[in-house]
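The following note sets out several points for a colleague to consider when examining the model.

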Amino acid sequence: MGTLNLRLPDNLDRQLTALAAQTNQNRSALARAALEKFLREHEREQLLTGMIEAAKFLATNAEARAESMAIAEEFEFADSEALDIAEGRKPGDPEPEQWWK
């Protein structure tokens, strides 16, 4: 396991110490958990940024858009079948009337 030494501003040090006392955890465990959360969120943000860039590309590139639409049409039945099953219907059964309509 690696070691990391860091300096904290006084207010952050006080908050970390108080939280450690409240949760009966040591400061290192709390800092490690915070760093893990930050890295997960950063990775997620990068993934979302990549997805947005891909979507923009598909929206502006006619050939890529046509190909993605063709692929989506191939899976339309499978998506509908999965939704039917998830909603407790047999695949292909009509949707029940919605009570809120």
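1. In the accessibility classes used here, buried means under 20% relative accessible area, exposed means over 50%, and partly exposed lies in between (1.4 Å probe, protein chains only). The model is a predicted one, in which local features need pLDDT of at least 70 and side-chain atom pairs count only at pLDDT 80 or more, whereas totals for chains, interfaces and linings use all residues. Residues are numbered from 1 along each chain as its sequence is written, and side-chain values use heavy atoms, with hydrogens and water left out.

2. The structure holds 3 salt bridges, a salt bridge being a side-chain nitrogen of Lys or Arg within 4 Å of a carboxyl oxygen of Asp or Glu. Glu87 pairs with Arg89 at 2.5 Å, N to O, and Arg89 also pairs with Asp84, where the closest N and O atoms are 2.7 Å apart. Through shared partners, Asp84, Glu87 and Arg89 form one network. Glu87 is partly exposed, because its relative accessible area is 46%. By contrast, Arg89 at 13% counts as buried, and so does Asp84 at 10%.

3. A further salt bridge joins Asp13 to Arg27, with 2.6 Å between the closest N and O atoms. This pair links distant parts of the chain, 14 residues apart: Asp13 lies in helix α1 and Arg27 in helix α2. Helices are DSSP runs (H or I, at least four residues), numbered from the N terminus. Both partners are partly exposed, Asp13 at 27% relative accessibility and Arg27 at 34%.

4. Asn24 sits in the loop between α1 and α2 and, at 72% relative accessibility, counts as exposed.

5. The largest pocket contains about 670 Å³ of space. A pocket here is an open set of points on a 1 Å grid over the protein atoms alone, with protein on both sides within 12 Å along at least five of seven lines; lining residues have an atom within 4 Å of a point. There are 19 lining residues, and Leu6, Arg27, Ser28, Ala31 and Arg32 lie nearest the centre. α2 (27-60) and α1 each supply at least two lining residues, with α2 giving the most, 8 residues.

Notes: 1 Å grid on protein atoms, 1.4 Å probe; cavity = no way out; pocket = protein on both sides within 12 Å on 5 of 7 lines; lining within 4 Å. Points joined across faces, edges and corners; volume = space filled by probe spheres on them.
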